[in-house]
Amino acid sequence: MSKFKKNGGKKEAPGITTASLPDIVFMLLCFFIVITKMRETDLKVMAKPPQITELAKIENKGLNSSIFIGPPSPKYQQFYGGAPRLQLNDAFAKPSDIMQWAANRRAEIQPALHPKMTVSMKVDSEVKMGIVNETKTELRKANLRQLYYLANKRSK
Amino acid sequence: MIITKKLPQVNAGSMADIAFLLLVFFLVTTTIQQDKGLQVSLPQWTDIPTGGSKELKNVLRVVITSGDQLFVNNEKFEMDALREKTLHFVTNNGKDPSMSRSPKYAMVLLTNDKGCSYNHYLAVSNEIYAAYNALWEKAAQQDYGRAWDRLSAAEQSAVKAKLPRVIMEEESRF
């Protein structure tokens with residue numbers, strides 16, 4: 001009985017040990033590493049697409065090029081204003097730049113795979129169709145005709 | 001006498017800080033990427049405008065105005081009714097003389113106004129594509145007894161040949 005030290009009469013509720021806090025944080029970290037992907041293209045425009053039901057998965061991400069249409073994000077608004085703009089992969093552009101952009105993309109991909117090239121368009125819900133129609137016409141001229149309208153899933 | 005000196009322990013208090021920093025880094029630099037969308041095939045570009053006197057009854061004229069209103073064959077329509085209407089139009093097979101003669105000739109002409117919102121346009125496109133997807137799903141079940149996703153590429157082409165999806169788009173010129 002002399003092995004046990006007397007408490008001295010004070011009975012304090014033991015505090016919560018925070019020793020496992022780093023473990024919890026590491027678990028959260030692992031979750032994020034697994035679920036997310038490194039952002040490849042910097043979104044310079046605010047594009048929140050609508051919700052639809054008929055969605056197909058993009059098959060070959062490597063052969064896919066991105067177009068974003070929407071109002072510029074707040075930090076770019078002072079230079080570019082608030083009207084919706086086109087963003088091709090990483091830079092602001094106009095629909096007339098699409099032919100050149102397509103040629104650049106084709107140069108990066110081997111000729112045998114050219115027919116399988118696709119374009120994904122992420123367009124903000126509030127954008128008017130004028131700029132979208134111009135973009136589609138230019139894509140047709142550049143012969144990039146497989147298009148994906150990126151969107152979120154709606155239940156019905 | 002062996003002096004057993006207790007080795008100083010590494011202070012693990014800053015482990016949590018390092019973990020938080022790493023977490024914040026990943027939160028900032030990564031995205032939960034959405035890589036799904038409505039798959040569309042644009043027609044080839046021709047300088048010659050496609051005048052084409054197609055028989056009026058074989059064309060489902062869907063018009064979206066700048067006020068985000070929907071008109072099908074000059075009648076005002078609600079979004080919910082569009083899918084049904086497209087289905088009936090394509091599978092008409094000549095029964096109703098004002099609708100298509102056969103699925104092989106049926107086509108949809110989607111006219112949108114420069115000022116209509118993308119939200120509305122995509123919703124209308126969604127309904128039309130949904131109608132065709134439902135049609136192909138039914139055909140897949142009838143002809144092959146399997147779901148559309150389980151068909152081989154050749155079988156899918158066969159169904160698409162019987163029920164071709166032809167959607168022409170144009171911007172209204174008014």
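Let's start with a length check on helix 4 of chain A (residues 129–141): at 1.5 Å a residue, its 13 residues should span 18 Å, and its end C-alpha atoms are 18 Å apart, which agrees. The expected span here is 1.5 Å times one less than the number of residues, and helices are DSSP runs (H or I, at least four residues), strands likewise (E, at least two), numbered from the N terminus.

A word on the ground rules: this is a predicted model, where local features need pLDDT of at least 70, side-chain atom pairs count only at pLDDT 80 or more, and totals for chains, interfaces and linings use all residues. Residues are numbered from 1 along each chain, chains are lettered from A in the order in which they are written, and side-chain values use heavy atoms, leaving out hydrogens and water.

Helix 4 of chain A is mostly covered, with 10 of its 13 residues buried (under 20% relative accessible area, 1.4 Å probe, protein chains only). Among them are A:Met129, A:Ile131 and A:Arg140. Just after this helix, A:Asn143 has a positive phi of about 60 degrees.

Now for the interface:

| Item, chain A and chain B | Value |
|---|---|
| Residues of chain A in contact (heavy atoms within 4.5 Å) | 47 residues |
| Residues of chain B in contact | 45 residues |
| Buried area (accessible area, 1.4 Å probe, lost on being put together, summed over both) | about 4700 Å² |

In chain A, A:Glu54, A:Arg140 and A:Tyr149 lose the most area to chain B.

Terms used
Buried < 20%, exposed > 50% of the residue type's maximum accessible area, 1.4 Å probe, protein only. Buried area = accessible area lost by both parts, 1.4 Å probe.
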